[in-house]
Amino acid sequence: MTPSLTSRLSFAGVLLATLGLPAAASAQYQLPTLTSAARADSLHEAAAVLVAAHRWRDAARLHRRSAQLREADDPLGFRCLKDAAALAYAAGDLSGARTDLASAAGQALARGELRSAALAYLDAAWIAQEQKNPRQVWELGHRAQMLADSPLLGATDRAAILHRIALAPDAVQVAMRKEP
């Protein structure tokens with residue numbers, strides 16, 4: 001028994017519909033992205049309210065969540081992580097502050113902002129020094145030094161990074177020179 005014209009056409013229709021699904025699925029995927037941005041903005045605003053109420057740990061947590069919901073090219077992600085780090089530091093959570101600063105640096109790198117990334121790495125290295133963690137001081141400080149050496153960095157930005165390194169306490173500078 002040979003397939004009829006009707007069954008061949010219906011098979012071709014199913015095949016074409018299946019091939020068209022990825023385009024429809026990607027168009028539908030945009031909605032969660034918009035929803036995530038709105039949610040991130042809402043969390044950012046809620047964190048500001050918590051800061052005013054001196055609930056720094058909770059505000060830091062909301063800033064972190066807001067940063068996670070943002071796209072890599074959204075500069076507010078960096079700001080949220082920097083704010084989370086400052087709040088965590090104020091609340092005495094040095095590990096959280098160091099992690100937030102390292103994440104902020106990674107977020108800045110994703111957008112090509114080498115100066116912001118290097119300075120965030122240096123701030124994280126200072127916190128690691130406060131925690132007496134020479135391995136983290138070296139790792140974070142080394143990342144900042146590598147960024148300072150980048151040919152993509154302008155002279156002014158390079159000078160700002162090197163100036164910040166020069167201002168680091170002696171223990172930080174020594175830890176940055178020695179490999180752990």
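This is a predicted model: local features need pLDDT of at least 70, side-chain atom pairs count only at pLDDT 80 or more; totals for chains, interfaces and linings use all residues.
Colour the chain by secondary structure and you will find eight helices and zero strands. Its accessible surface comes to about 10700 Å², and carbon and sulfur atoms own 61% of that.

Now colour by confidence. Where is it highest, and where is it lowest? Helix 4 (residues 94-110) has the highest mean, 96, while helix 8 (residues 170-177) has the lowest, 58.

**Stop 1: Asp100**

Stay with helix 4 and select Asp100, which lies in it. Is Asp100 buried or exposed? With a relative accessibility of 4%, Asp100 counts as buried. Show the surroundings too: leaving aside residues up to four places away in sequence, Asp100 touches Arg64, Leu81, Ala84, Ala85 and Ala88.

**Stop 2: two loops**

Next, select His54, in the loop between helix 1 (5-52) and helix 2 (56-69). Most residues other than glycine have a negative phi. His54 is not a glycine, yet its phi is positive, about 60 degrees. His54 counts as exposed because its relative accessibility is 58%, and exposed means over 50%.

Then jump to Lys132, in the loop between helix 5 and helix 6. Lys132 also has a positive phi, near 60 degrees, without being a glycine. At 69% relative accessibility, Lys132 counts as exposed.

**Stop 3: helix 5 beside helix 7**

Select helix 5 (residues 114-130) together with helix 7 (residues 155-167). How do they pack? Their axes are 10 Å apart and meet at an angle of about 5 degrees, which makes helix 5 roughly parallel to helix 7. To see the contact, show side chains on both: helix 5 contributes Arg115, Ala118, Leu119, Leu122, Asp123 and Trp126, and helix 7 contributes Asp157, Ala160, Ile161, Arg164, Ile165 and Leu167.

**Stop 4: helix 6**

Finish on helix 6 (residues 134-148), which has 15 residues. From its first C-alpha to its last, helix 6 reaches 21 Å, close to the 21 Å expected at 1.5 Å a residue. Which of its residues are buried? Select Gln136, Val137, Trp138, Leu140, Gly141, Ala144, Leu147 and Ala148 to see them. As you turn the view, remember that an α-helix has 3.6 residues a turn, so residues three or four places apart point the same way.

Notes: Residues are numbered from 1 along each chain as its sequence is written. Side-chain values use heavy atoms; hydrogens and water are left out. Helices (H or I, at least four residues) and strands (E, at least two) are DSSP runs, numbered from the N terminus. The expected span of a helix is 1.5 Å times one less than its number of residues. Buried means under 20% relative accessible area, exposed over 50%, partly exposed in between (1.4 Å probe, protein chains only). Accessible areas come from the Shrake-Rupley method with a 1.4 Å probe; for residues, only the protein chains shown count as cover. pLDDT is the predictor's confidence in each residue, from 0 to 100. Axes are lines fitted to C-alpha atoms, for helices over the stretch in contact, and angles run from 0 to 180 degrees between N-to-C directions. Angles under 35 degrees count as roughly parallel, over 145 as roughly antiparallel, 65 to 115 as roughly perpendicular and the rest as oblique. Contact means heavy atoms within 4.5 Å.
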